[in-house]
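Here is a short briefing on one structure. It covers aromatic pairs, a sheet and a helix.

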Amino acid sequence: MTRVIHTGDTHIGYQQYNSPQRREDFLEAFRSVVEDAVADDVDAVVHAGDLFHDRRPGLVDLQGTVEILRTLADADIPFLAVVGNHESKRDAQWLDLFADLGLATRLGADPVVVDDVALYGLDFVPRSRRDDLEYAFEPVPDDAEHATLVTHGLFEPFAHADWDTEEVLEASTVDFDAVLLGDNHKPDTAEVLDTWVTYCGSTERASASEREDRGYNLVDFPDGEDGSVAISRRGLTDTREFVFVDVDLEAGEGVDRVQERVRQHDLEDAVVIVTVEGEGKPITPATVEEAAIDRGALVARVNDRRELPDEDEEVSVSFADPDAAVRERVRELGLSDAARSIDETVRDDDLVDSNVRETVERRVRDLLEDDESAFDPAPERAPEDEDVTTVADELAGDDADGDSSAAADAESVATNGGETEAANGGATATADDEPDAADAESAPAEEDSSEEPTDDPADADTASLGDFA
């Protein structure tokens, strides 16, 4: 029997909540997986993408990753991986560097045989380029009894899917016994066309919506062709504790009730996520967060999901047609497609304010890296040009409930995109990235996943398939 560890979405380098300790946590979670691999003497560690959180990991993160991969190499356990949307670069990948160092193997159309299992790889591919994929893989070697595909993306029949799994399996030149997936941070397994398709989930919580324990998959391939592939789940016990405090306030209840519920938990060194719902009085999130920090929490965040009226004054504002006002203003701005992408990020109600700046800077840098003219103004079009769909019209169709001031925000980002690139010098995920399932799942939470879906080659909190908060 051949046993491999299937892991992915380690997102090394992610400084969640701007906390250096959280950044270390992501690296240490990967270390725990490797230590388990050595202790169990598995035949290989298979990584399904997003080893790093962004394209330009820091030197400390690279050094730590090399050290961990050397642990596998010293134990003669191969590290086999594909490139995810968060870390994807236009040219050579970090995975190629690790391969040159003898620490990793990048999976592709040519099989890598481990015992009697042939493993193939397919890097993340943006939606705009999938129609051209032929899924042509080299034949399974004679000495292999099983074939497995490792890839990164949001596949059916799982949540947030935008990739047809049946199409992939039917079009592939190889009959796969299993498909090992990354991108969706929620672990899950299904059978599609007699093939096991499974997500291993992430190794650290990249968003507050990821409440389940973190872990990875163990995949057992039986000797011979007749046995069935077995997939099991193993949790990681040493990851940072998240304390979720859900408070449903009754009428008349307020911050005292929230504080009482928080005090019922041990908060030492934990990330504390307080979610408030119900009919109670307005609360000041900072008051609750500061109290949690005083009781030893590493990080505290309050998500007040209520829509409370302003009790101090009643303000009535009316618009003849706010959507028309947005469309007209965007027409005047002449936003490019790149600027529209930024606008969507700025106006995203699910992206908390503390993450907007980081996410926008990341997109601007990557857009400029891929195309220096990305922020050139769009061609002038008159409102009566009915034969042309303008950015303004697309905005109206994509988000009819958008904030009427968002177009101006997008203009500011687009106008200053070049300065942001020069001043910051580095980039993380690209506008080409697709959203992570984690990103999509984190929508109701205060976290930022990774990015909203786009159609280019390098992008992606809960809701991994995408940005994190």
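A residue counts as buried when its relative accessible area is under 20%, and as exposed when that area is over 50%. Phe-79, with a relative accessible area of 2%, is therefore buried. The model is predicted. A search of the whole structure finds nine aromatic pairs.

**Aromatic pair Phe-30 and Phe-79**
- The ring centres of Phe-30 and Phe-79 lie 6.0 Å apart, and the planes meet at 70°, so this pair is edge-to-face.
- Phe-30 belongs to helix α1 (residues 20-40) and Phe-79 to strand β3 (residues 79-81), so the pair ties together parts 49 residues apart in sequence.
- Phe-30 is also buried, at 0% relative accessibility.

**Aromatic pair Phe-137 and Phe-176**
- Phe-137 and Phe-176 have ring centres 5.5 Å apart and planes at 85°, so they too are edge-to-face.
- This pair links distant parts of the chain, 39 residues apart.
- Phe-137 is in the loop between β6 (117-122) and β7 (146-152), while Phe-176 is in the loop between α4 (165-171) and β8 (178-182).
- Both Phe-137 and Phe-176 are buried.
- Together with Tyr-120, they form one aromatic cluster.

**Charge over a ring**
- Arg-130 places its charged end over the ring of Trp-163, 3.9 Å from the ring centre.

- Six strands form an open sheet with mixed pairing, in the order β4-β3-β2-β1-β11-β12.
- Its edge strands, β4 (105-106) and β12 (230-235), each pair on one side only.
- Strands β1 (residues 2-7) and β2 (residues 44-47) run parallel and pair over four bridges.
- Thr-7 has His-47 in β2 as its bridge partner.
- Helix α1 packs on this sheet and touches β1, β2, β3, β11 (215-221) and β12.
- The direction of α1 makes about 175° with that of β1.

**Helix α5**
- Val-258, Gln-259, Arg-261 and Val-262 are buried in helix α5 (residues 255-263).
- Viewed down the α5 axis, the buried residues fall within an arc of 160°, so they line one face of the helix.
- An α-helix has 3.6 residues a turn, so residues three or four places apart point the same way.
- Asp-256 and Arg-263 are exposed on the other side of α5.
- The cover over the buried residues of α5 includes β13 (242-249), β14 (271-278) and α6 (285-294).

Notes:
Residues numbered from 1 in each chain as written. Predicted model: local features only at pLDDT ≥ 70, side-chain atom pairs only at ≥ 80, totals over all residues. Heavy atoms only, no water. Phe/Tyr/Trp six-rings, centres within 6.5 Å; stacked < 30°, edge-to-face > 60°. Helix = DSSP H or I, 4+ residues; strand = E, 2+ residues; numbered from the N terminus. Buried < 20%, exposed > 50% of the residue type's maximum accessible area, 1.4 Å probe, protein only. Lys NZ or Arg CZ within 6 Å of the ring centre and 35° of its normal. Pairing = 2+ DSSP bridges. Contact = heavy atoms within 4.5 Å. Axes fitted to C-alpha atoms, helices over the stretch in contact; angles between N-to-C directions. Arc of directions from axis to C-beta.
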